[in-house]
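Thanks for coming. I will go through one structure today, and you will want it on screen while I talk.

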Amino acid sequence: MSAAIPDGAALIGDGPIVRLGFNPPRERVPGFEIVDLATLHQRRRGRHGRADRVHRVDFHTFTLVTEGSGEHAVDFVSFPLRPGTLLWVRPGQVQSFVRPGTADGIHLLFTPAFPARTDGADRLTHAWHGPACRHLGTGPAYGTLSTLLGQLREEYGRPEPEVSVEILRLLLTTVLLQIERLPGAEGGADPRAGGETYARFRAELERSYATTRRAADYAQRLGYTLKTLTRACAAATGQPVKHVIDGRVALEARRLLAHTDEPVAAIGRRLGFPEPTNFGKFFTRHAGVTPGDFRRSHRTRR
């Protein structure tokens with residue numbers, strides 16, 4: 001069955017979960033596109049017939065819902081969409097439009113390299129994780145973001161010879177920095193508390209989670225003592241380094257079990273477990289159920 005590929009994306013790679021790269025139908029501005037959410041859904045239904053296909057993206061998608069309702073899932077969490085909802089899906093996360101419904105709003109697609117370079121923007125655009133959804137209501141934060149996004153849309157809508165890529169970059173960076181001011185998700189971690197040490201660790205973890213789960217390996221690769229790395233992780237997450245590493249591996253295991261037909265043993269090997277028994281024990285310890293039971297309870301229509 002063919003993937004429901006969103007406008008602004010193209011199917012790439014051969015991984016077990018459909019992965020989409022940035023490829024707008026008409027690339028007016030390299031690395032950036034803005035479209036109404038309702039228009040996006042209409043195009044996808046017209047071109048691919050399905051709006052709920054589970055997929056990863058290799059770019060950022062950012063939505064501010066202005067009217068209507070719907071439901072969107074990001075990594076096993078379903079978020080209700082309503083006016084004032086801010087939804088941010090980052091590269092590598094697994095998502096689906098569970099129920100597009102009547103939700104409409106401003107929808108941005110942009111590559112990590114597009115925003116103007118600042119420490120804050122770099123930190124946000126190169127992080128693989130963060131709060132996926134916030135409900136802003138109609139408060140001041142919503143008003144500020146709505147105004148900035150309106151300016152982005154106005155600039156993007158200018159005739160091609162007049163549209164300024166520099167203005168778009170600066171406006172998008174301002175949007176990101178305004179989002180950084182928002183409080184974190186309820187009960188969530190604050191990655192900023194771990195400073196550069198934690199940011200570098202998360203980047204290395206994203207590259208290496210399938211090859212090593214030893215905290216000492218990450219400390220050595222990054223040139224830190226294990227104590228320094230432990231302190232940064234505790235500040236950012238409240239958890240030991242090993243818990244953060246294992247949590248990343250367990251997340252990928254859940255993604256592959258729920259959204260692919262790969263054999264459990266093959267998934268274990270993909271994640272660095274040569275022996276299926278060891279993978280089963282690891283997964284059961286973190287998920288509370290066996291890999292097989294998890295797969296049966298999370299079968300996704302693909």
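Is Arg-248 buried or exposed? Arg-248 counts as buried, because its relative accessibility is 2%. Before I go on, note that this is a predicted model.

Arg-248 has a charged partner. Its side chain forms a salt bridge with that of Glu-206, at 2.8 Å from N to O. The two residues sit 42 apart in the chain, with Arg-248 in helix α8, residues 241–259, and Glu-206 in helix α5, residues 195–208, so this bridge links distant parts of the chain. Glu-206 is partly exposed, at 27% relative accessible area. The pair also belongs to a network of salt bridges, whose members are Arg-56, Asp-75, Glu-206, Arg-248, Glu-252 and Arg-255.

Over the whole structure, the search finds 16 salt bridges. Let me show two others. Arg-214 and Asp-217 are joined at 2.5 Å, N to O, and Asp-217 is buried, with a relative accessible area of 17%. Arg-296 and Asp-293 also form a salt bridge, at 2.5 Å, N to O. These two are three residues apart in helix α11, residues 291–297, so about one helical turn separates them. Arg-296 is exposed, at 59% relative accessible area, while Asp-293 is partly exposed, at 36%.

Now the nonpolar side. Which residues touch the most other members of the largest nonpolar core? That core has 32 residues, and the ones in question are Phe-201, Leu-205, Tyr-218, Leu-229, Val-241, Ile-245 and Leu-271. Two or more residues come from each of α5, α6 (215–222), α7 (226–237), α8 and α10 (276–287). Helix α8 gives the largest share, nine residues.

Take Leu-205 as an example. Apart from neighbours within four places in sequence, Leu-205 is in contact with Tyr-218, Val-244, Ile-245 and Arg-248. So we are back at Arg-248, the buried arginine I began with. There is also a second, separate core, with 28 residues, including Val-29, Phe-114, Ala-121 and Tyr-142.

Next, helix α7. The 12 residues of α7 should span 16 Å at 1.5 Å a residue, and the end C-alpha atoms are 16 Å apart, so the two values agree. Which residues of α7 are buried? Leu-229, Ala-232, Cys-233 and Ala-236 are. They lie on the same side of α7, because they cover an arc of only 100° around the axis. The elements covering these buried residues include α5, α6 and α8. Just after α7 comes Gly-238, which takes a positive phi of about 75°.

Last, the aromatic rings. The count is 11 aromatic pairs. One of them is Phe-201 with Tyr-218, edge-to-face, at 5.7 Å centre to centre and 85° between the planes. Phe-201 is in helix α5 and Tyr-218 in helix α6, 17 residues apart, and the pair links distant parts of the chain. Both residues are buried.

Phe-283 and Phe-294 form another edge-to-face pair, at 5.3 Å centre to centre with 75° between the planes. Here the link runs from Phe-283 in helix α10 to Phe-294 in helix α11, 11 residues apart. Phe-283 and Phe-294 are both buried. They also belong to a cluster linked by ring pairs, together with Phe-76, Phe-273, Phe-279 and Phe-282.

That is what I have for today.

Key:
Residues numbered from 1 in each chain as written. Predicted model: local features only at pLDDT ≥ 70, side-chain atom pairs only at ≥ 80, totals over all residues. Heavy atoms only, no water. Salt bridge = Lys/Arg side-chain N within 4 Å of Asp/Glu carboxyl O. Helix = DSSP H or I, 4+ residues; strand = E, 2+ residues; numbered from the N terminus. Buried < 20%, exposed > 50% of the residue type's maximum accessible area, 1.4 Å probe, protein only. Core = buried A, V, L, I, M, F, W, Y, C linked by side-chain atoms within 4.5 Å. Contact = heavy atoms within 4.5 Å. Expected span 1.5 Å × (residues − 1). Arc of directions from axis to C-beta. Phe/Tyr/Trp six-rings, centres within 6.5 Å; stacked < 30°, edge-to-face > 60°.
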